[in-house]
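Dear colleague,

I am passing a structure on to you, and you will find it just below. My notes on what was found in it follow after that.

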Amino acid sequence: MSAPNSNQRKACWGARDELWKCLDDNQDNAASCEKFQKEFEASCPAQWVKYFTKRRDFLKYKEKMQTEGFEPADGPKESQS
Amino acid sequence: MLCLERRMLGLVGFIGGDLHATSGRLLRCTVRSSAVQQSSGSTHHPQRVWLSSQAPLCGHHTPKHRTGLYGPFTHPQQTLGSSRGPLSLFTQRVTLSQGPNTSTAKIRLRTRLVVTLLFGGGLLGTWWYVRNEKQQNHRMQRIEQLKKVALGQGDFSLLDHRGHRRTKRDFLGSWVLLYFGFTHCPDICPEELDKVSAVVSTLDKDRSLPAVQPLFVTVDPERDNVAALERYVKDFHPRLIGLTGTPEEVKVAGKDYRVYASPGPKDEDGDYIVDHTILIYLVNPDGLFLDYYNRMKDDVQIAESIRNHMKSYVKL
């Protein structure tokens, strides 16, 4: 399977951007954006779909950290001696 | 007798006219009749001076002022001539209102302005010079550090996207911008290569600078053969050369620049993503690694940095 060329890349990125905009408008409600999801999966190689989905999760997580604050996980509990 | 007449006329004039003029005339008339206070020459002379500004009826008729009875308003300065005393005081006052005092004030202001500007200019110049020195020091320090790291010391032997064998030696003599990536990259590699293309195009515009050679080395030799690279590089700068080879050759080249590359898990299509170092490396014409640029640097900053390196480049 050969790599996507410039036009195919741009088509994939466009579909991804559409999907992400829809998700942003609908508070990440995947059900309302099914049409865009299908379009996105059709335009991009499977690996890229996975990659971009993970990327979005990461970006959302980062945003949450920056706005809501961060609670460090508890360290190892003190052992009872 | 004539003077008395004048005095009466002067009084009339006073009612409707200029107080100063008439009082002046009255004064002068009385002066005439009494002893003249002027010290210059005979009594005739001052009289004429005084009276020349007035209506000729009072005293001598002088050709100077052929005016009516009341004459024009006598400007004290007209009678300046050789006169001194109260008149000169008056004229002095007149000149003071627009004379040397304001011009000295103006001169003083101008000097102050000039001095301030010079001083400010001097300060600015010093600051700028010191800043430049600091930046230069910074750059030299960085180069020393990177030289210690000594990336890219080894040699590489790879195939370019036209199938020709290329070694590191082939690129000695030109500045090289090196990027490691793979053609199946979703977004990062195309973005970085677009950045590299923009940098090279910007530097191309400056005729005084040597041409920069952009290189793209694959970290995915399994899939990125010569044909794949050829398809890929034509979307970017025309001078971009893609390089590939056997996995061993590619590994040697990557190791040279301490490039981390790790292919991810394959999916059902056999597709996978290679996790790798995202850096653009700058190599000078002697084949020495000089600098690197990460995702945070935009094409303008990179071009500027390369320009500085070129300027401070000293041939070995």
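What does the accessible surface of chain A come to, and what share of that surface belongs to carbon and sulfur atoms? Bearing in mind that this is a predicted model, the accessible surface of chain A comes to about 6200 Å², with 49% of that belonging to carbon and sulfur atoms. Chain A has three helices and zero strands, and of its 81 residues 26% are buried. If one takes the contacts in chain A between residues at least 6 apart in sequence, 61% of them join residues at least 24 apart.

Turning to chain B, seven strands form an open sheet with mixed pairing, in the order S2-S1-S5-S4-S3-S8-S9. Its edges are strand S2 (165-167) and strand S9 (289-293), each of which pairs on one side only, and the twist from one strand to the next averages 35°. Within this sheet, strand S3 (residues 175-181) and strand S4 (residues 212-218) of chain B run parallel and are joined by seven bridges, with Phe180(B) standing opposite Val217(B) in S4(B).

Helix H9 (residues 299-311) of chain B packs on the sheet, where it touches S3, S4, strand S8 (280-283) and S9, and its direction makes about 170° with that of S9(B). Helix H8 (residues 247-256) of chain B lies across S1, S2, S3, S4 and S5, running at about 110° to S1(B).

Finally, an unreviewed UniProt entry lists residues 113-130 of chain B as "transmembrane region"; in the model this span is 100% helix, and its end C-alpha atoms lie 26 Å apart.

Conventions: Residues are numbered from 1 along each chain as its sequence is written. Chains are lettered from A and ligands numbered from 1 in the order in which they are written. This is a predicted model: local features need pLDDT of at least 70, side-chain atom pairs count only at pLDDT 80 or more; totals for chains, interfaces and linings use all residues. Side-chain values use heavy atoms; hydrogens and water are left out. UniProt positions are given in the numbering used here, feature names are shortened, and annotations may be inferred rather than shown by experiment. Helices (H or I, at least four residues) and strands (E, at least two) are DSSP runs, numbered from the N terminus. Two strands pair if DSSP finds at least two bridges between them. Axes are lines fitted to C-alpha atoms, for helices over the stretch in contact, and angles run from 0 to 180 degrees between N-to-C directions. Contact means heavy atoms within 4.5 Å. Buried means under 20% relative accessible area, exposed over 50%, partly exposed in between (1.4 Å probe, protein chains only). Accessible areas come from the Shrake-Rupley method with a 1.4 Å probe; for residues, only the protein chains shown count as cover.
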